[in-house]
Amino acid sequence: MSEALRYPSTRGASPAATLSEAIAAGIAPDGGLYVPEYLPKLSPEHFDPNGTLADTATTLLAPFFAGDTLESELPAICAEALTFHTPLRELPQHPKTLVLELFHGPTAAFKDVGARFLAACMRRLRKNTTQPLTILVATSGDTGAAVGAAFHRQPGIDVVILYPDGRVSPRQAHQLGCFGDNVRALRVEGRFDDCQRMVKAALNDTALQRQLPLSSANSISLGRLLPQMSYYAHASLAWWRQHHEPLNLIVPTGNLGNALAALWVRSMGLPIGEIRLACNANATLPDFFAGHDYTPRHAVATLANAMDVGAPSNFERLLWTIPNAAELRSQLQAHSVDDRTICSTIALHAHEHGEVFCPHTATAMHLLDQMRAAGDTLPWAVVATAHPAKFESVVEPLIGQPVEVPMALTAMLQRPASAEPMAAEDGALRQWLLNRATQGVAVFS
Ligand SMILES: *Cc1c(COP(=O)(O)O)cnc(C)c1O
């Protein structure tokens, strides 16, 4: 077998981990993010032209898993996690304008890919452990549902979701609270930043951890990032085989997880051309790519709430991938799209082409509209990160009719939902967790 890849931290102050260790830990002990020591190279000939998404993922991720304890499990993990399609759809009457639909999973957003893969890995890594584990997730909407769905009824694991009360869409809130069993939702009287801070405080609380082992499932986990490369590989290979040209991508971006996956696939040698990042009014990345210093800041609330990020958590990995700022700026671009433009883009495409996009996808579609107006004729895939039905309160008034709800979402909306209120204080979460610890957690089996 080939030599196993090592996974150092972006901050270089903790020892390199194996892939399994990196996946189990989430964040590195020095506060950095785990990265592969190098990105392996692959070419289109390595892939089965008739393979499924899971087959593509298995081939793509094999060099990352080589020599790891999970190596022999990789095909099963991919088959278990990637059970839905991620179609690359060319818009009728708009040749070379494509939509890469990533919302056909159980919770109707691309987060299902990473969450299900992480759960499939964790289940195997914890096979010989009897100690229950509580996974804390701070969510601005989509991550919590994807993680809840992926770990629902997994023995020995409890999931606690924290979301900012009133700042997620009504359907998102329902999804977050509908699981029950081992998945609990807390609606926090504060902002997403508060939820994130409370989770971090709990994870760093060694006294609490002794009574109640805690972990997180946020977007910095390699177990979520690596599988997100699969759909970019799958789509770009399909386009390459048909058209013998690279596929260009516009990716709606918040924490940079989805976009970084695209960059890594391109760096591995697969046929992806240009990558553009579409942001909402949170302009940390657009400002950086326009030549300013990188300046993290507080997030502002927008209609594309899953991208309300002022300090993109994967920025460290981006700098690890391309350390030179000038080089980085020559390889990627980022643009900001405000709420008014998000609304006009949704309305325009619904009325003129009968295509309905979610607010996140609309940021990317707007960038493409601008590029087409300026004469661009390249093949571009707009990455559709969520189904519009998840954001009905934004989308339906704009298009003047109901959005058809996918079956998986309908099933969730029909279940009862509940969430417990919580003050935006670290101590409140601590007390709640301790109460549960004494009542006995992870009782579900
Ligand atoms: C999470 C999310 C994003 C942003 O993805 P990042 O990986 O954080 O950049 C965009 N759109 C939707 C619908 C999301 O749920």
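Guide: A residue counts as buried under 20% relative accessible area, as exposed over 50%, and as partly exposed in between. Please note that the model is a predicted one.

Visitor: Is Arg-191 buried, partly exposed or exposed?

Guide: The side chain of Arg-191 meets that of Asp-193 in a salt bridge, at 3.8 Å from N to O. The relative accessible area of Arg-191 is 33%.

Visitor: Which parts of the chain does the salt bridge between Glu-316 and Arg-11 tie together, and how many residues apart are they in sequence?

Guide: In this salt bridge, the closest N and O atoms of Glu-316 and Arg-11 are 2.6 Å apart. Glu-316 belongs to helix α12 (residues 315-321), whereas Arg-11 sits in the segment before α1 (19-25), so the pair joins parts whose separation in sequence is 305 residues.

Visitor: Is Arg-124 buried or exposed?

Guide: Arg-124 forms a salt bridge with Glu-80, with 2.7 Å between the closest N and O atoms. Glu-80 is partly exposed at 28% relative accessibility. For Arg-124 the relative accessible area is 16%, and the limit for buried is under 20%, so Arg-124 is buried.

Visitor: What percentage of the ligand's exposed area does the protein bury?

Guide: A polar side-chain atom of Asp-142 lies 2.6 Å from a ligand oxygen atom, and an N or O atom in the side chain of Thr-385 is 2.8 Å from a ligand nitrogen atom. Taken alone, the ligand exposes 380 Å², and the share buried by the protein is 97%.

Note on methods. Residues are numbered from 1 along each chain as its sequence is written. This is a predicted model: local features need pLDDT of at least 70, side-chain atom pairs count only at pLDDT 80 or more; totals for chains, interfaces and linings use all residues. Side-chain values use heavy atoms; hydrogens and water are left out. A polar contact is a pair of N or O atoms within 3.5 Å; within protein, one must be able to donate a hydrogen and the other to accept it, and residues adjacent in sequence count only if both atoms are side-chain atoms. Accessible areas come from the Shrake-Rupley method with a 1.4 Å probe; for residues, only the protein chains shown count as cover. A salt bridge is a side-chain nitrogen of Lys or Arg within 4 Å of a carboxyl oxygen of Asp or Glu. Helices (H or I, at least four residues) and strands (E, at least two) are DSSP runs, numbered from the N terminus. Buried means under 20% relative accessible area, exposed over 50%, partly exposed in between (1.4 Å probe, protein chains only).
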